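Please keep the sequence and the three-dimensional view at hand while reading.

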Amino acid sequence: MDSDQPSFTDVEYGNRRRVSKREEFLEMMDATIPWRVWVGLIEPHYYADRPGKRGRKAKPIETMLRMYLLQAWFSLSDEGVEDAIYDSYAMRKFMGLDFAVEQVPDATTLLHFRHLLEEHQLGEKLFAAQNEIFDAEGWIMRGGSIIDATIIAAPSSTKNATGTRDPEMHQTKKGNQWYFGMKAHIGTDAGTGYVHSVSATAANVHDLDEAANLVRADDEVTYVDAGYQGAQKRPEIVEDAHRSRIQWRVAARKGKLKTMPEPDRAEQSRQAAVRAKVEHPFLIVKRDFGFTKTRYRGIAKNLNHLHVLFASANWLMRARAVALTPATA
C-alpha cells in the first residue's frame, strides 16, 4: 500500500470541523524537528547492536524516535505510550502508522530503544545538534546567559523492587518545605531564552556549584537570581581567565531592594525582565511536557531525558515564534 495514500480513517478525520490541540502540537513538532539529523546521530549505535541477531527485523529508527518523543512529551510509561498511540488518531498520524500494514512497536521494543539512548548519552547529542542548528541559522544572540535551577521531585516511596529510595536523590529545603529529588540546572541565551546548557544534580547540591558549568565561552554577562549571591567570588570563577571577566548580575534580595534608591530599583527591574526568560523553558518542561517528577532511577537517566525535553522545548519555542511572525508579501 502507498504510504501517501490516505486511509479511510484519514478521510473520516479530515471531515472534522475542528482539529484538537494535541494534533496541532504534534503537527507543529513534526514540521520542526530535524528528523534526518537526529536519526543520523542514533543510527551508528542502533544498528551496531544488531549484527548477527536473529528474530524480528528492527523497527526503523525514526519510528522508534517518534514513539520515544511521544513518551517524553506526554509523560507516559512504555506501556502507556503504546496504548495511547492505539487510542489517539493524532498520535498514530504523528507516528505515520497504517494499522492495515503495521502495528505500534511494543513497550519492550521502546524500552530497549530508550536504554540505547541512555547508554550512549544520545539525549545530550540530540540537544547539542539542536544548538548547532540554532547557532548556524543565527537564532542565538550570544554574549549573555541566564542561569537558574528547578527542583524535580522523585518518588519517596520504598515500594519497589529494591525496597529503597533512589540513592542518588536527596532532600533539600526550600522556604518552609522539604523536597526529595534532583535539580535541573540550565543556562539560557539572554537574548532569545533558548536553552544552551543543561546539567543535573541531587536536590541538596547548591545552585552555585553548577553556575560555572552553565556559562558559554563567549559570555560577557550572566543574569542570576538572589540565590547565586557570591557567584563572582567562587574559586572556579575567580581562577578562570574567561569566567572571571564575566559580569555577574545577581538579583538583590527583597530586603535590600526596598532600601535602594529609585535608579537602582529601576535597574533591578530591567534585569528581572531579562531573567524572566529562563522561566519559559522550565514552564514547557514541567507544565506542557508534565515532567514534574522523575520517571527513572539515577541522575544520568533523568539527565538524558532532560536533554531531550529541553531540546524539544527549544524547537517548540522556535516554532511558536515563527507562527507568530507575520508573513511578508
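**Briefing on the predicted model**

Aspartate 207 counts as buried, since its relative accessibility is 16% and the cut-off for a buried residue is under 20%. The model described here is a predicted one.

**Aspartate 207 and tyrosine 228**

- Aspartate 207 sits in the loop that lies between β4 (195-202) and α9 (208-211).
- When neighbours within four places in sequence are left aside, the contacts of aspartate 207 are Ala149, Lys183, His185 and Tyr228.
- Between aspartate 207 and lysine 174 there are 12 Å in space, C-alpha to C-alpha, and the two are 33 residues apart in sequence.
- Tyrosine 228 also belongs to a loop, the one between β5 (221-224) and α10 (235-238).
- With a relative accessibility of 0%, tyrosine 228 counts as buried.
- Neighbours within four places in sequence aside, tyrosine 228 is in contact with Asp207, and also with Ile147, Asp148, Ala149, Leu208, Ala211 and Val250.
- Alanine 211, one of these partners, is 17 residues from tyrosine 228 in sequence, and their C-alpha atoms are 8.2 Å apart.

- Methionine 182 is part of strand β3 (residues 177-189).
- The relative accessible area of methionine 182 is 0%, so this residue is buried.
- Which residues does methionine 182 touch, not counting residues up to four places away in sequence? They are Thr150, Ile151, Ile152, Met169, Ala200, Thr201, Ala202, Ala203, Thr294, Ile299, Asn302 and Leu306.
- Threonine 150 is 32 residues from methionine 182 along the chain, and 8.5 Å separate their C-alpha atoms.
- Glutamate 23 belongs to helix α2 (residues 21-32).
- Is glutamate 23 buried or exposed? Its relative accessible area is 4%, so glutamate 23 is buried.
- Glutamate 23 and tyrosine 89 are 66 residues apart along the chain, with 8.4 Å between their C-alpha atoms.

**Two loop residues with positive phi**

- Serine 75 is located in the loop between α4 and α5 (78-87).
- The phi angle of serine 75 is near 50 degrees, which is a positive value in a residue other than glycine.
- Serine 75 has a relative accessibility of 28% and therefore counts as partly exposed.
- Arginine 142 is located in the loop between α8 (122-136) and β1 (144-153).
- Although arginine 142 is not a glycine, its phi is positive, at about 70 degrees.
- The relative accessible area of arginine 142 is 36%, so this residue is partly exposed.

**Helices packed against α14**

- Two packed helices are described by the angle between their axes and the distance between the axes.
- Helix α4 (residues 61-73) packs with helix α14 (residues 299-324) at an angle of about 90 degrees, and their axes are 10 Å apart.
- This angle makes α4 roughly perpendicular to α14, because angles of 65 to 115 degrees fall in that class.
- From α4, the contact is made by Tyr68, Leu69, Ala72 and Trp73; from α14, by Asn304, His305, Val308, Leu309 and Ser312.
- The contact of α4 with α14 has six nonpolar and three polar residues, and no charged ones.
- Helix α13 (residues 279-288) crosses α14 at roughly 110 degrees, and their axes come within 9 Å.
- At that angle α13 is likewise roughly perpendicular to α14.
- On the α13 side, His280, Pro281, Phe282, Ile284, Val285 and Asp288 meet Leu309, Phe310, Ala313, Leu316, Met317 and Arg320 of α14.
- In the contact of α13 with α14, nine residues are nonpolar, one is polar and two are charged.

**The chain as a whole**

- The protein chain contains 14 helices and six strands.
- Its radius of gyration is 22 Å, close to the 20 Å that the globule rule gives for 329 residues, so the chain is as compact as a globular protein of that length.
- The C-alpha trace spans about 70 × 60 × 35 Å along its principal axes.
- Of the 329 residues in the chain, 45% are buried.
- Among contacts with a separation of 6 or more, 71% are between residues 24 or more positions apart.
- The accessible surface of the chain is about 17700 Å², and carbon and sulfur atoms account for 51% of that area.

Note on methods: Residues numbered from 1 in each chain as written. Predicted model: local features only at pLDDT ≥ 70, side-chain atom pairs only at ≥ 80, totals over all residues. Heavy atoms only, no water. Axes fitted to C-alpha atoms, helices over the stretch in contact; angles between N-to-C directions. Helix = DSSP H or I, 4+ residues; strand = E, 2+ residues; numbered from the N terminus. Parallel < 35°, antiparallel > 145°, perpendicular 65-115°, else oblique. Contact = heavy atoms within 4.5 Å. Nonpolar A, V, L, I, M, F, W, Y, C, P; charged D, E, K, R; others polar. Rg over C-alpha atoms; globule rule 2.2 N^0.38 Å. Buried < 20%, exposed > 50% of the residue type's maximum accessible area, 1.4 Å probe, protein only. Areas by Shrake-Rupley, 256 points an atom, 1.4 Å probe, with all protein chains shown as cover.
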